[in-house]
Structure formats: structure tokens, C-alpha cells
Amino acid sequence: MKQRKSRLQVGTAASASVLLVGALCAQAALVGHSATGAPAAKKTAPSVAALVAGYQQWPRVNPTPSPMRPEVAARCLVAPLLENAAVPSPDVEPFHSYFVTVYVNPIGQQVMMGMRRPVFPEGTIIVKEKLQDMSATAPELLTVMRKREKGYDTAAGDWEYVVMDGSGRRVLSKGRQAHCVCCHEQWKQTDYVSRVYLPAALVQQFK
Ligand code: HEC
């Protein structure tokens, strides 16, 4: 009775549990945020890729890449994984520590870098580059938060969450992504934005 064939393709038990946690998280969040995202009024709005293009010229929030917490790296990958199998699997290097550089467009700059209790204006776009190491010049992945119009997602601060490939040309997933909100909810007090990478000097000058 050697039926070894039905081994999980997922890989290690560890990665399976990471996936499980992500899935549970996504499910829990889905209950809370009805996904009745009717594709209302499809106007010829600029694409996310167009909005994000040239973000490297925007104000950089952390002057040097900040370390990303490894458990965050693993779980952050789960989200796009669930929707797009082409995204690298987190079990390749479970303990690889990544770095992040965050950019904000001028609409959100003052709030991002100067306010203790930020409430971001509509049109704010925050781009987080996920970098292999401190000196990496090409990001591996971009995650984006875009402040939409009032009523877009009232229960979660009206943010649209977007995952893009490192070039910023291909959108891997976007919308009211419950699996993103699931974690960003812990920063509800600061409008769902963590700002953990903000230099201490700026934090001290918060108004
Ligand atoms: C498991 C927790 C977790 C999940 C899930 C998560 N994030 Fe984050 N996110 C973080 C943390 C922690 C930071 C702070 C920077 C860092 O260490 O990566 C962050 C930072 C960000 C930032 C920079 C703005 C900020 O809040 O500081 C963006 C943009 C972002 N995440 C987008 C996303 C998107 C899009 C998704 C869903 C695909 C997502 N995140 C899912 C934990 C998470």
C-alpha cells in the first residue's frame, strides 16, 4: 500500500500552514467586508499602472530600505499567491529577509510624513517596493494602497489594495482585498497605514 503519489504539491508542511493561515485570514476578513463590489460606472479612468508609473520620482518615505519582517514577507506573499499562481512561492526561501522602500505621491505626502493621526486624502497612492536586499535596484514586487472616493469601502477606510509585478506594469490583483485589510486593520488608528519604516526624526516632529 504505497500510495506516495498523492503527496501535496504545496511542498513543505511549513508552507502549507502559511497558506492555511493566509486562507483563514482571508476568509475571516471576507465575512466582515462584503465583497459586493459591483463594477459600478465603468468610466475611462486611468489604469492603476498609469497612476503608479513614475512613482520612483515621488517623495520617498524612508530614505534607505528598511527591513521587512520575515513573517510579513511570507504572509504578504500569500495574498497574491491565492489569486495568481505565477507569483513565486514563499517556501522557496522561508527565512529570507526582504527590504522595503515606500513612496507616496504628493497628494498624500504631508499627511504621511507629518501627521500623528493621519487621514489620507482621496487620490493618495502609496507604493511599497519589496526588495531582495538593501542594494537591490529592481523590486521583486510592488504592493500599493490607493485612497479611493468616499463609499468605496466604508468599513475599511476606502482603500484599494493592488499587487503588481516589480516593473509596475502588470497588475496581479486589485480591489477591496480582504486579505490585505485583514492585516492592515491593526493600523486603523492611522488610517490603515503602518508607517513602521518612517525615520524617527520625522516621527518626533509629528503634529
Ligand atoms: C500579514 C500582514 C500584512 C498583510 C496581509 C498585508 N500587509 Fe501590507 N504591510 C504590512 C506591514 C508590516 C507593512 C510595513 C512595511 C513592512 O514591513 O513590510 C505593510 C506596508 C504596506 C504598504 C505601505 C503602507 C503602509 O501601510 O505602511 C502597502 C502599500 C501595503 N502594505 C500593501 C499591501 C497590500 C496590497 C496587501 C495585500 C495584497 C497587503 N499589504 C497585505 C503587513 C501586511
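Visitor: What is the mean pLDDT of the protein, and where is confidence lowest and highest?

Guide: As a general principle, where pLDDT is low, the predicted coordinates should not be read in detail. Here the mean pLDDT of the protein is 79, with 66% of the residues reaching 70 or more. Confidence is lowest in helix α1 (residues 13-32), where the mean is 39, and highest in helix α4 (residues 106-114), where it is 98. The pLDDT is below 50 over residues 1-37, a stretch that has 47 contacts in the model beyond near neighbours in sequence. It is also below 50 over residues 83-93, which have 20 such contacts.

Visitor: How many helices and strands are there, and in what order do the elements run?

Guide: The protein has 6 helices and 6 strands. Starting at the N terminus, the order is α-α-β-α-β-α-β-β-β-β-α-α. Of its 207 residues, 31% count as buried.

Visitor: Which residues stand opposite each other across the paired strands?

Guide: Strand β2 (residues 99-104) is antiparallel to β3 and joined to it over 6 bridges; Val 100 has Lys 130 in β3 as its bridge partner. Between β3 and strand β4 (residues 141-147) there are also 6 bridges, again antiparallel, and Ile 125 is partnered by Arg 146 in β4. Strand β5 (residues 159-165) runs antiparallel to β6, with 4 bridges between them, and Val 163 stands opposite Ser 173 in β6.

Visitor: Which way do the residues of β3 point, and are they buried or exposed?

Guide: In a regular strand the side chains alternate between the two faces of the sheet. In β3, Ile 125, Val 127, Glu 129 and Leu 131 point one way, while Ile 126, Lys 128 and Lys 130 point the other way, and all are buried. Since 7 of the 7 residues of β3 (residues 125-131) are buried, the strand is largely enclosed by the rest of the structure.

Visitor: Which residues of the largest nonpolar core touch the most other members?

Guide: In soluble globular proteins, nonpolar side chains tend to be buried together. The largest nonpolar core here has 30 residues, of which Ile 126, Val 127, Val 144, Met 145 and Met 164 touch the most other members. The elements giving two or more residues to this core are β2, β3, β4, β5 and α5 (178-184). Val 144 illustrates the packing: leaving aside neighbours within four places in sequence, its contacts are Val 52, Ile 125, Ile 126, Val 127, Val 162 and Met 164.

Visitor: Which residues other than glycine have a positive phi?

Guide: Most residues other than glycine have a negative phi, and most peptide bonds are trans. Asp 158 has a positive phi, near 60 degrees, and is found in the loop between β4 and β5. Asp 191 likewise has a positive phi, of about 60 degrees; its place is the loop between α5 and α6 (200-204).

Visitor: Are these two aspartates buried or partly exposed?

Guide: Asp 158 has 19 other C-beta atoms within 10 Å and is partly exposed. Asp 191 counts as buried because it has 22 C-beta neighbours inside 10 Å, the cut-off being 20 or more.

Visitor: Where does Arg 60 lie, and which residues does it contact?

Guide: Arg 60 is in the loop between α2 (48-52) and β1. With 14 other C-beta atoms within 10 Å, Arg 60 is partly exposed. Apart from neighbours within four places in sequence, it is in contact with Thr 101 and Tyr 103. Arg 60 and Asn 105 are 45 residues apart in sequence, yet 8.9 Å apart in space, C-alpha to C-alpha.

How values were computed: Residues are numbered from 1 along each chain as its sequence is written. This is a predicted model: local features need pLDDT of at least 70, side-chain atom pairs count only at pLDDT 80 or more; totals for chains, interfaces and linings use all residues. Two strands pair if DSSP finds at least two bridges between them. A residue is buried if 20 or more other C-beta atoms lie within 10 Å of its own, exposed if 12 or fewer, and partly exposed in between; C-beta atoms are placed from the backbone. pLDDT is the predictor's confidence in each residue, from 0 to 100. Two residues are in contact if their C-beta atoms, placed from the backbone, lie within 7 Å. A nonpolar core is a set of buried Ala, Val, Leu, Ile, Met, Phe, Trp, Tyr and Cys residues joined through C-beta atoms within 7 Å.
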